[in-house]
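Please look over the sequence and the model shown here before reading the report.

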Number of protein chains: 2
Amino acid sequence: MWCQSCKEEYEVEDAGTCKECYEEASETEEELKREIDDLRARLLFLRLPSPTLDAASAPHSDLLLHAIPSCSSSGAGGDGGDAARAPYTPAVPAHRVILASRSPVFRAMLENEMEESRSGIIKIFDVSYDVLRTFVHYMYTAEALLDEQMASDLLVLAEKYEVKHLKTYCEKFITSKVNNENAIAHYAFAHRHSAKQLLEASLSVLMDNMSTLADREEYKELVEKDPRLVVEIYEAYLNRQVNTAAGKDTDCCSRK
Amino acid sequence: MWCQSCKEEYEVEDAGTCKECYEEASETEEELKREIDDLRARLLFLRLPSPTLDAASAPHSDLLLHAIPSCSSSGAGGDGGDAARAPYTPAVPAHRVILASRSPVFRAMLENEMEESRSGIIKIFDVSYDVLRTFVHYMYTAEALLDEQMASDLLVLAEKYEVKHLKTYCEKFITSKVNNENAIAHYAFAHRHSAKQLLEASLSVLMDNMSTLADREEYKELVEKDPRLVVEIYEAYLNRQVNTAAGKDTDCCSRK
């Protein structure tokens, strides 16, 4: 028989689908691709020019956001030093209508008679200028260039301002980077910020490497700082063992 | 053989694909669906609340748009009568940053020292209030509830303000509604507004029904108003006939 897709010959044992299903699947694929094209065009239409590119890119701006790095993190971002000397600069321009529509926290701040609404100035604490800029850029474009550090910093900011979509986006990115080296750090981070997907992924990696867990420096630190999280790792591990054993028993019984 | 997709038995002559291609296609389908989910989530994030729903739905609004229906069309929209009595009401609130980002015409108007930019009031001529409201709604949401009349009115507005995505959206909708009854009207409309896809679709329907074309009332009107468009129909028809004949000849020759 000849495969209608790859046009190569195959034997009965390598058969896949009947003609009807093949044709249906091809049609479905075409439909999905058309839908993707349509969604992409709508996305392109809805994206807004980011006001973070240069001074000229924010006409009609009615807000200024100031990054106020925390003392401990002031050296981390590229502009941390500057910001420490002049805590309110540089500012990121933005628009009330955009921030209010993306974040219920900004909405409440801007639609009530709060200081930020009157002055048009919002201080964003404990972030570097770079992180704030990326945060604002995302609000306009739904796009961000991430590395692990940026994704973590943005996730924290997204959680604080309740920008769910950005939080999920960062969590997915970090989850894709979990490995045995960073699993403890990500596990503790996920706990702090209620990032369920990241928590499960890092816990799973930890449980796959239980024999070396206790030797790690980060493990010892976690036992010191937050022993309850360590207990949860052991509990999850034990649970998995019990379930695996139960699964084997059922398997065994069903075979009898 | 059993089809891996529908799980039914089939004969050799009904075979579709090999196993490998089936598995690949299934994976592709899953990937496309994941991409669609991702794009939909980003769209949902980028959509803005429409300021056209009620007075409270446009906080931070810095623009007012007024529909000024033309005399001839003032009876067409639901609010035509009202608008004729009080030409500047009702107004549709909007935001400079949004309109400027969707339309180069609004951008030029708002970023230069024009009357509209100073006053924050833009008059939109020759449209009903309903059409203007739908237009503004689309600028925020990339969504509109269309019928043929609304799609035509919106297409005209989208062309005027160079909102390409909306024009394409309306043109697609109208194209899907072309039939022998409305083909002449849509053909003339497509010509006036450089709507290529609609032009081709309506021309194709006209050419499929040439024998009854000249009997139609709309045909006689078009001959009166714009005979060059009628000439183009005949030229296209003749062209098709010549090409079909040439195709048959080639077909004939290659068979010899």
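Predicted model: local features only at pLDDT ≥ 70, side-chain atom pairs only at ≥ 80, totals over all residues.

Residues are numbered from 1 along each chain as its sequence is written, chains are lettered from A and ligands numbered from 1 in the order in which they are written, and side-chain values use heavy atoms, with hydrogens and water left out.

**Symmetry**

Chain A is superposed on chain B by a rotation of 180° with 0.0 Å of shift along its axis, at an RMSD of 0.1 Å.

**The sheets**

Helices (H or I, at least four residues) and strands (E, at least two) are DSSP runs, numbered from the N terminus. Two strands pair if DSSP finds at least two bridges between them.

In chain A, 3 strands form an open sheet in the order β3-β2-β4, with mixed pairing. The edges are held by β3 (91-94) and β4 (121-125) of chain A, each with a single partner strand, so one side of each is left without a neighbour in the sheet. On average, neighbouring strands of this sheet are turned by 30° against each other, direction ignored. Strand β2 (residues 63-68) of chain A runs parallel to β4(A), and 5 bridges join them. Opposite A:H66 stands A:K123 in β4(A). Helix α4 (residues 104-111) of chain A packs on the sheet, where it touches β2 and β4 of chain A, and its direction makes about 145° with that of β4(A). Helix α6 (residues 129-141) of chain A lies across β2, β3 and β4 of chain A and runs at about 10° to β3(A).

Chain B has an open sheet of 3 strands in the order β3-β2-β4, again with mixed pairing. Here β3 (91-94) and β4 (121-125) of chain B are the edge strands, each with a single partner strand, so one side of each is left without a neighbour in the sheet. Strand β2 (residues 63-68) of chain B pairs with β4(B) in the parallel sense over 5 bridges. B:A67 has B:I124 in β4(B) as its bridge partner. Helix α4 (residues 104-111) of chain B packs on this sheet and touches β2 and β4 of chain B.

**Helix contacts**

Axes are lines fitted to C-alpha atoms, for helices over the stretch in contact, and angles run from 0 to 180 degrees between N-to-C directions.

| Helix pair | Angle | Axis separation |
|---|---|---|
| α6(B) and α7(B) | about 65° | 10 Å |
| α6(A) and α1(B) | about 100° | 8 Å |
| α9(A) and α12(A) | about 30° | 9 Å |

Angles under 35 degrees count as roughly parallel, over 145 as roughly antiparallel, 65 to 115 as roughly perpendicular and the rest as oblique.

One of these pairs joins the two chains: α6(A) packs with helix α1 (residues 19-46) of chain B. That makes α6(A) roughly perpendicular to α1(B). A:Y138, A:M139, A:Y140 and A:T141 of α6(A) meet B:R42, B:F45 and B:L46 of α1(B). The residues of this contact divide into 5 nonpolar, 1 polar and 1 charged. Ala, Val, Leu, Ile, Met, Phe, Trp, Tyr, Cys and Pro count as nonpolar, Asp, Glu, Lys and Arg as charged, and the others, Gly among them, as polar.

Within chain B, α6 (residues 129-141) packs with α7 (residues 148-160), and the two are therefore roughly perpendicular to each other. The contact is made by B:D130, B:V131, B:T134 and B:F135 of α6(B) with B:M150, B:D153, B:L154, B:L157 and B:A158 of α7(B). By class, these are 6 nonpolar, 1 polar and 2 charged residues.

Within chain A, α9 (residues 183-192) packs with α12 (residues 217-225), which makes α9(A) roughly parallel to α12(A). A:I184, A:Y187 and A:A188 of α9(A) are in contact with A:E218, A:Y219 and A:L222 of α12(A). This contact has 5 nonpolar, no polar and 1 charged residues.

How values were computed: Least-squares fit on C-alpha atoms with pLDDT ≥ 70 in both. Contact = heavy atoms within 4.5 Å.
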